[in-house]
Amino acid sequence: MYKSLHTAGATLSGNFTNAADNAVSSGFSILDTASGSAARFSGSQLLIKALSEQGNVSVVTQLNRATTNLTPVPYQLSNQKGILTSSSSTATANVGVTSSMQTSILTTGLFMTMLPYIQESGDVQLQFAFSYSSPPKIESFVSKDGNTRNDVPTFQQEALTQKVNMRAGETLVLTGSDQVTTSADKQGTFTPGNFMFGGGQNGSTTRTTLVILVTPVLLR
């Protein structure tokens, strides 16, 4: 990715953290285009192009927000899922079975707040805080007697708070939720390594990285 940006005449400086397998990393960097007369969002487009050369890139959302100096800009991209917190059944003589259920809403996704401070020189001091929680995996648990059931969500959450100084037109690159997923499939008689009896093994590794691009633009 560095080579692709350098060839296009852009520089990338800052703090990138490399993640090991099954680990989470977060970091930030600033992308600066070579020419000050470049298009406003050329830095973002160059980085997306560089990332697309490394793998499949999916742009989840792209939007503009207008604000004034020292006015926070909140942003939220979330999903809501209903879960069963508890349920029980009670048998009563001459009445029957009475059931009760309690549900709640679980909200996950991206939550971000940015606070710009525009200096007299035209530079921008950008303070931001973001948290990201992955889509939940819901597991249901039932008591031994079968009368009580509840859902337990499992998800990963990451948060980052940072303050950076940058020029208008530069692109702030936030990286987070870097995950590596490995799966394996084995089949065969006695042992998967016995190819004489139809044995075989198959494995795959998938890496997913969340990247957030923020470009401050001054409206003269």
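This is a predicted model: local features need pLDDT of at least 70, side-chain atom pairs count only at pLDDT 80 or more; totals for chains, interfaces and linings use all residues.
The protein contains two helices and ten strands. Read from the N terminus, the order of these elements is α-β-β-α-β-β-β-β-β-β-β-β. The chain has 220 residues, and 27% of them are buried. Among contacts with a separation of 6 or more, 59% are between residues 24 or more positions apart. The accessible surface amounts to about 14500 Å², and carbon and sulfur atoms account for 50% of that area.

The largest nonpolar core consists of 18 residues, and Met112, Phe128, Phe130, Leu172 and Leu174 have the most contacts inside it. At least two residues of this core come from each of the strands β2 (27–33), β3, β4 (96–118), β5 (124–133), β8 (157–166), β9 (171–187) and β10 (200–214). Strand β5 gives the largest share, four residues. Beyond its neighbours within four places in sequence, Phe128 is in contact with Met112, Thr113, Met114, Leu160, Thr161, Gln162, Val164, Leu172 and Leu174. There is also a second, separate core, which has seven residues, including Leu12, Leu47, Ala50 and Val173.

Which strand holds Thr171? Thr171 is part of strand β9. Its relative accessible area is 0%, and because buried means under 20%, Thr171 counts as buried. The side chain of Thr171 makes a polar contact of 2.9 Å with the side chain of Thr215. Setting aside residues up to four places away in sequence, Thr171 touches Ser29, Ile30, Leu31, Gly43, Ser44, Met166, Leu213, Val214 and Thr215.

Charged side chains also pair up. How many salt bridges does a search of the whole structure find? The search finds three. One of the salt bridges links Glu53 and Lys49, with the closest N and O atoms 3.0 Å apart. Glu53 is partly exposed, with a relative accessible area of 46%, and Lys49 is partly exposed as well, at 47%.

Another salt bridge joins the side chains of Arg149 and Asp151, at 3.4 Å from N to O. Here Arg149 is partly exposed, at 33% relative accessibility, whereas Asp151 is buried, at 12%. A further salt bridge is formed by Arg167 and Glu170, where the closest N and O atoms are 3.2 Å apart. Arg167 has a relative accessible area of 42% and is partly exposed. Glu170 has a relative accessibility of 7%, which means that this residue counts as buried.

Ile48, Val57 and Val59 make a nonpolar surface patch of about 210 Å². Val59 sits in the loop between α2 (42–52) and β3 (73–92). Is Val59 buried, partly exposed or exposed? The relative accessibility of Val59 is 48%; exposed means over 50% and buried means under 20%, so Val59 counts as partly exposed.

Terms used: Residues are numbered from 1 along each chain as its sequence is written. Side-chain values use heavy atoms; hydrogens and water are left out. Patches are made of residues with over 30% relative accessible area and no salt bridge: like charges are joined within 9 Å, nonpolar side chains (Val, Leu, Ile, Met, Phe, Trp, Tyr) within 5 Å. Accessible areas come from the Shrake-Rupley method with a 1.4 Å probe; for residues, only the protein chains shown count as cover. A salt bridge is a side-chain nitrogen of Lys or Arg within 4 Å of a carboxyl oxygen of Asp or Glu. Buried means under 20% relative accessible area, exposed over 50%, partly exposed in between (1.4 Å probe, protein chains only). Contact means heavy atoms within 4.5 Å. A nonpolar core is a set of buried Ala, Val, Leu, Ile, Met, Phe, Trp, Tyr and Cys residues joined through side-chain atoms within 4.5 Å. A polar contact is a pair of N or O atoms within 3.5 Å; within protein, one must be able to donate a hydrogen and the other to accept it, and residues adjacent in sequence count only if both atoms are side-chain atoms.
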